[in-house]
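Work through the following exercises with the sequence and the structure side by side, and try each task before reading its solution.

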Amino acid sequence: MARTPTTAAAHAAGVAARLADGIYSVSQAAAIVGRDGRATREQLRRWLAVIIAPTGGPHSIETISFLDLVSLETVRRFRHQGTSLQKVRKVVDALRTAEPDVVRPLAHRSFFTDGTSVWADVVGRTEEVVGRNRRQMVLRDAVRTFADEIRFVNDEAAAWDISPWVGIDPSVCFGAPTVRGTRIPVKTILANLADATEQEVADWYELSVCQVRGVAGFAV
């Protein structure tokens with residue numbers, strides 16, 4: 001059945017809205033979150049089950065939004081610090097109970113872990129969410145690195161400065177990794193470096209050699 005003009009316009013608006021939120025396949029998300037071999041597609045699918053279906057039930061989502069991407073990176077950092085996936089699920093469940101209107105709680109606040117306890121940033125303080133001393137207020141500046149990389153708007157992740165040279169903004173190039181401060185996709189720089197020198201690529205795109213070298217050293 002052909003779409004009516006109104007239906008077609010609504011569909012187009014919905015697609016545009018999704019593109020503005022950033023859309024990634026599981027493979028694309030694995031290339032970003034799993035850079036340097038730190039996460040596989042299979043791991044991402046398990047983590048998505050926690051983020052999207054906290055009970056661990058099946059899910060059919062094959063496209064990942066920017067908020068999903070940030071949530072996956074949060075889970076990866078938890079796991080890297082030794083936090084079990086079961087504990088991550090407890091955090092997600094607790095936050096969904098506390099704030100049922102927040103769709104992706106792991107991309108809504110900054111979370112911290114030392115492998116034993118997990119904290120969430122609450123009104124400028126750091127509150128223990130899961131751990132031996134629940135509700136105890138603690139300060140953990142040493143574990144705030146991820147929060148420093150994320151730019152929040154209205155308490156929700158809006159962009160990710162994934163490295164000193166690379167940024168991800170769902171409003172720029174549909175969320176593809178770009179050279180920070182530009183609209184130049186990282187993949188474009190890498191493709192050109194296959195046939196040209198760092199200086200040549202820098203000249204072509206009005207970048208510094210340091211920028212080109214920094215992007216080249218970032219595996220995406």
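**Exercise 1.** Which residues have the most contacts inside the largest nonpolar core, and how many residues does this core have?

Solution. This is a predicted model, in which local features need pLDDT of at least 70 and side-chain atom pairs count only at pLDDT 80 or more, while totals for chains, interfaces and linings use all residues. Residues are numbered from 1 along each chain as its sequence is written, and side-chain values use heavy atoms, with hydrogens and water left out.

A nonpolar core is a set of buried Ala, Val, Leu, Ile, Met, Phe, Trp, Tyr and Cys residues joined through side-chain atoms within 4.5 Å, where buried means under 20% relative accessible area (1.4 Å probe, protein chains only). The largest such core has 51 residues, and Phe66, Leu69, Leu72 and Trp160 have the most contacts inside it. Helix H4 (residues 66-80) gives the largest share of this core, 7 residues.

**Exercise 2.** List residues in contact with leucine 69, leaving aside its neighbours within four places in sequence.

Solution. Contact means heavy atoms within 4.5 Å. With those neighbours left aside, leucine 69 touches Tyr24, Ala29, Ile32, Val33, Ile64, Trp160 and Ile168.

**Exercise 3.** Decide whether glutamate 149 counts as buried or exposed.

Solution. Glutamate 149 belongs to helix H6 (residues 145-149). Because its relative accessibility is 19%, glutamate 149 counts as buried. Leaving aside neighbours within four places in sequence, glutamate 149 is in contact with Arg77, Ala159, Trp160, Asp161 and Ile162.

Methods. Buried means under 20% relative accessible area, exposed over 50%, partly exposed in between (1.4 Å probe, protein chains only). Helices (H or I, at least four residues) and strands (E, at least two) are DSSP runs, numbered from the N terminus.
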